Amino acid sequence: MRKDAHNFPSSAQADGKKSTAQMKASQTKTKHKMKPKTRLMPAKSPLGSLGLTARETEVLTWIAQGKTNHEIGVILSACTGTICKHVEHILCKLDVKNRTAAAVIALGALAKAKNMRQLVR
């Protein structure tokens with residue numbers, strides 16, 4: 001074998017065809033498309049205007065009813081750690097420091113929506 005026989009770049013072959021690794025890499029890119037990360041609740045929901053995902057809105061609803069992370073996890077069939085992460089995201093998005101403040105915001109949004117419905121009647 002000559003010394004200069006392997007002067008081709010590692011990613012190209014002598015005949016210009018893609019290597020098996022390159023073909024698998026390009027297939028992988030097309031197979032695994034990213035899903036949208038989060039979906040916001042529609043604005044017609046009283047809590048939808050808070051900028052939370054559907055799951056975060058569910059969790060916030062249970063927080064406003066005084067449930068613990070463990071209880072919410074059992075109700076929603078989710079791990080306590082997952083619920084804890086949802087609570088962290090809720091607190092950040094609502095810019096509050098604790099669950100009680102988040103519950104107050106949720107109850108305020110629900111009360112405001114109820115008052116608006118009564119005015120329309």
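## The nonpolar core

A nonpolar core is a set of buried residues of kinds such as Ala, Val, Leu and Ile, joined through side-chain atoms within 4.5 Å. The structure above is a predicted model, and its largest nonpolar core has 17 residues. Val-59, Leu-60, Ile-63, Ile-90 and Ala-102 have the most contacts inside this core.

Helix 4 gives the most, with five residues.

## A look at Ile-63

Leaving aside residues up to four places away in sequence, Ile-63 touches Ile-72, Val-87, Ile-90, Arg-99 and Ala-103.

## Where helix 2 meets helix 4

The axes of helix 2 and helix 4 come within 9 Å and cross at roughly 90 degrees. The two helices are therefore roughly perpendicular to each other.

From helix 2, the residues in this contact are Arg-55, Glu-56, Val-59, Leu-60 and Ile-63. On the helix 4 side, they meet Ile-83, His-86, Val-87, His-89, Ile-90, Lys-93 and Leu-94. Sorted by class, the contact has seven nonpolar, two polar and three charged residues.

## Asn-69, a buried residue

Now move to helix 3, where you will find Asn-69. Is Asn-69 buried or exposed? Its relative accessibility is 16%, and buried means under 20%, so Asn-69 counts as buried.

The side chains of Asn-69 and Arg-99 are joined by a polar contact of 2.5 Å. Not counting residues up to four places away in sequence, Asn-69 touches Thr-80, Ile-83, Cys-84 and Val-87 as well as Arg-99.

Notes
Residues numbered from 1 in each chain as written. Predicted model: local features only at pLDDT ≥ 70, side-chain atom pairs only at ≥ 80, totals over all residues. Heavy atoms only, no water. Buried < 20%, exposed > 50% of the residue type's maximum accessible area, 1.4 Å probe, protein only. Helix = DSSP H or I, 4+ residues; strand = E, 2+ residues; numbered from the N terminus. Contact = heavy atoms within 4.5 Å. Axes fitted to C-alpha atoms, helices over the stretch in contact; angles between N-to-C directions. Parallel < 35°, antiparallel > 145°, perpendicular 65-115°, else oblique. Nonpolar A, V, L, I, M, F, W, Y, C, P; charged D, E, K, R; others polar. Polar contact = N/O pair within 3.5 Å; in protein donor to acceptor, adjacent residues only side chain to side chain.
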